[in-house]
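Dear colleague,

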Amino acid sequence: MTTDQGIGIENTDDSLRVGARGPTLLEDFHFREKMMRFDHERIPERVVHARGSAAHGYFQVYESMAEYSKARFLQDPSVKTPVFVRFSTVAGSRGSADTVRDVRGFAVKFYTEEGNFDLVGNNIPVFFIQDGIKFPDVIHAVKPEPHHEMPQAASAHDSFWDFVSLVPETAHMVMWAMSDRALPRSFRMMEGFGVHTFRLVNAQGVSRFVKFHWKPLLGVASLVWDESQKLAGKDPDYHRRDLWEAIEQGDFPEYELGVQIIEESDVDKLGIELLDPTKIVPEELVPVRRIGKLTLNRNPTNFFAETEQVAFCVANIVPGIDFTDDPLMQARLFSYLDTQLTRLGGPNFAEIPINRPLAPVHNHQQDGFHRQTINAGRANYHPNSLGGGCPMLSVGNKSGFVHHPEKLGGQKARVRSESFGDHFSQATLFFRSLSKPEQEHLIEALLFELGKVERKEIRQRVVERILANIDGELVTRVAEGLGLPVPRASVTPKGKLEKSPALSIENLKKESIQTRRIAALVADGVDAAELASVRAAIEKMGAKVKVIAKRLGTVKGAGGQPVEVDKSAPTTASIEYDAVFIPGGAASVAALKKDGDALHFVQEAYRHCKALGATKEGLELLRAAGIAVNAPGVVATEAGADGGAFISTFVAAIAKHRHWERADKDGVPA
Ligand code: HDD
């Protein structure tokens with residue numbers, strides 16, 4: 001151990017003092033340095049997306065994209081481009097819970113040979129507003145209210161809904177934010193979107209419009225609201241832990257990069273304003289082509305140095321990709337650079353290790369707080385002869401960034417194009433594309449959020465001015481649920497599609513149980529052989545089984561053999577698992593039936609529509625919990641698992657993720 005000056009430290013536990021009980025000496029340079037450093041450990045958190053978790057990995061393109069883009073990292077399938085990816089919530093502060101209802105950030109920094117490319121996206125493909133000049137307004141409205149700094153990490157309050165009710169361009173994103181998309185099961189199981197329309201530009205200078213997508217290979221899955229709220233208390237780090245553990249266990253999260261490429265000449269035919277970030281291009285109109293894969297395979301070494309200090313910037317771009325005139329994007333080009341000055345304390349943040357490009361940096365930038373580079377020589381200007389003209393412009397080797405020479409003309413004015421005027425048709429498309437259970441969840445979310453709004457006129461305005469323009473059933477159910485008069489719906493869907501199946505999570509599931517967590521409830525007397533065989537079969541398919549008992553240590557199997565316990569009941573809960581298994585064993589099940597925690601565990605899992613499996617006496621625990629053993633997603637067999645269809649049926653039930661069709665779930669308490 002040394003001081004910051006490299007001087008060896010022989011004692012760091014006692015300050016330097018006069019006599020064993022006397023005062024501390026000012027001379028104690030080690031104490032002063034240690035305390036000074038501690039006193040200044042905090043930096044301002046991000047003004048949005050303060051809470052995040054990140055991982056290292058790499059990106060590989062499947063085949064050369066030279067036809068569309070000259071970006072070097074999109075040319076050669078054998079090249080692995082290093083990446084750093086940060087996932088985040090938007091509204092909460094650094095210490096808030098992971099599972100709140102919110103948009104999730106999905107920011108990817110590609111360290112390409114040609115410099116850094118940052119794709120700073122979200123898990124929702126549209127945004128609340130059309131012009132970045134309104135960003136401070138929407139964020140002020142959604143963040144805790146200024147007079148009492150409440151509520152934390154939640155949109156269920158007056159100022160957010162006041163804003164929504166007065167700004168109809170929020171309608172589409174509000175539908176997404178109230179849907180299950182805002183409650184991801186895991187960062188590994190959510191889509192990502194670049195949101196804006198970008199350009200891809202090839203070596204011939206031909207530009208095409210592009211929308212970027214991230215498609216998780218594990219499929220898309222969400223939590224339910226009751227579960228999310230409980231998780232926020234039981235494990236506020238639920239998503240962070242999930243990402244960390246998956247990578248530690250070698251279950252590397254993977255996402256395919258998708259592109260929707262649109263020829264400039266096809267824009268009019270498409271009939272969608274590509275510069276409006278409140279609009280999607282439905283995948284049914286322009287298919288998503290999967291062009292490469294992102295793999296996250298290494299956890300950060302130090303949270304602060306990497307996850308906290310990483311600075312993403314929409315303006316970090318490489319030749320072959322370019323911006324558009326989307327007014328939200330244009331504002332972002334400024335904001336991300338600017339915000340780091342306060343957050344990272346000066347203009348040299350690109351020199352922090354996590355932000356440094358792998359590509360060499362040569363320019364005349366100099367000085368400023370925290371400068372690391374030691375510029376050599378006398379010439380810190382261009383052009384110069386004293387430095388031999390260095391650094392040379394990137395002209396000869398064609399690697400210099402040349403902005404796409406878009407032709408522009410017009411009058412200077414603060415105006416919004418009429419083509420940005422349709423605020424509701426895609427909100428309607430989104431709602432109508434959801435499955436019935438997803439629609440139910442969305443309605444329940446609105447009843448929760450608006451139910452928390454104190455001012456009646458705000459609730460009424462949201463219903464009348466926003467929801468009434470989206471869907472008749474939606475506005476009726478919400479108005480009735482809030483005890484408000486039902487306004488007449490006035491819905492005029494304009495798009496080419498009635499529905500876009502790609503918008504429904506139900507269509508984005510993967511028939512796999514890979515990385516799912518299954519709880520096995522046991523007590524002394526458990527049928528250990530049965531537990532072991534079911535566990536082995538499930539784990540062979542990539543899921544993880546955790547044995548849960550009242551206490552840590554071991555329980556006695558029916559034949560006397562010890563069974564290792566992974567988690568004690570007080571330290572865990574059903575909400576941390578995707579499914580529950582109750583093995584037989586008369587004494588074990590008799591004990592569980594008398595155990596309130598065990599009954600609550602299965603009832604809660606049932607209410608959250610998770611798969612439940614039980615064999616032999618295990619069925620009695622279900623019955624004691626008031627659960628029908630033939631309910632959807634309940635896989636129960638009086639016989640043992642061996643030789644029967646139990647395993648395959650249970651695995652299929654887990655792969656379905658949730659069994660929304662359980663009509664009687666309200667009859668089971670939890
Ligand atoms: Fe933003 C952070 C995503 C609109 C201004 N934003 C931030 C992060 C993500 C996004 C993922 C966290 C990056 C990280 O992990 O460090 N933001 C989006 C998306 C938007 C969007 C997908 C709409 C398409 N943002 C947006 C606008 C503005 C900003 C319109 C301002 C004009 N965003 C910021 C910021 C942040 C930020 C204030 C805070 C911390 C940071 O940049 O580094 O500059």
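A polar side-chain atom of Gln340 is placed 2.8 Å from an oxygen atom of the ligand in this predicted model, a polar contact being a pair of N or O atoms within 3.5 Å; within protein, one must be able to donate a hydrogen and the other to accept it, and residues adjacent in sequence count only if both atoms are side-chain atoms. For Ser335, an N or O atom of the side chain is 3.0 Å from an oxygen atom of the ligand. The side chain of His49 has an N or O atom 3.4 Å from a nitrogen atom of the ligand.

Two or more residues of the shell around the ligand come from each of strand 3 (104–112), strand 4 (115–122) and helix 9 (327–343). Helix 9 contributes the most, with seven residues. Helices (H or I, at least four residues) and strands (E, at least two) are DSSP runs, numbered from the N terminus. Around the ligand there are 22 residues, of which Arg46, Arg86, Arg332, Tyr336 and Gln340 come nearest; a residue is near a molecule or strand if one of its heavy atoms lies within 4 Å of it. The shell divides by class into eleven nonpolar, eight polar and three charged residues. Here Ala, Val, Leu, Ile, Met, Phe, Trp, Tyr, Cys and Pro count as nonpolar, Asp, Glu, Lys and Arg as charged, and the others, Gly among them, as polar.

As to conventions, the model is predicted, and local features need pLDDT of at least 70, side-chain atom pairs count only at pLDDT 80 or more, and totals for chains, interfaces and linings use all residues. Residues are numbered from 1 along each chain as its sequence is written, and side-chain values use heavy atoms, with hydrogens and water left out.

The backbone deserves a note as well. His49, in the loop between helix 1 (29–39) and strand 1 (52–61), has a positive phi near 60° although it is not glycine. The peptide bond joining Met150 and Pro151 is cis, with omega about -5°; Pro151 belongs to the loop between helix 2 (135–142) and helix 3. Another cis peptide bond runs from His382 to Pro383, with omega near -5°, and Pro383 lies in the loop between helix 9 and helix 10 (425–433).

Turning to helix packing, helix 2 and helix 3 meet at an angle of about 140°, their axes 6 Å apart. Axes are lines fitted to C-alpha atoms, for helices over the stretch in contact, and angles run from 0 to 180 degrees between N-to-C directions. Helix 2 is therefore oblique to helix 3, since angles under 35 degrees count as roughly parallel, over 145 as roughly antiparallel, 65 to 115 as roughly perpendicular and the rest as oblique. Asp137, Val138, Ala141 and Val142 of helix 2 are in contact (heavy atoms within 4.5 Å) with Ser159, Phe160 and Phe163 of helix 3. That contact has five nonpolar, one polar and one charged residues.

Helix 3 (residues 158–166) also packs with helix 12 (residues 456–466), at about 30° and with the axes 8 Å apart, so helix 3 is roughly parallel to helix 12. On the helix 3 side the contact involves Asp158, Trp161, Asp162, Val164, Ser165 and Leu166, and on the helix 12 side Ile458, Arg461, Val462, Arg465 and Ile466. Its residues comprise six nonpolar, one polar and four charged.

Finally, helix 10 and helix 11 (residues 436–451) pack at about 120°, with axes 8 Å apart, and helix 10 is thus oblique to helix 11. Phe430, Phe431 and Arg432 of helix 10 meet Gln439, Leu442 and Ile443 of helix 11.

Yours sincerely
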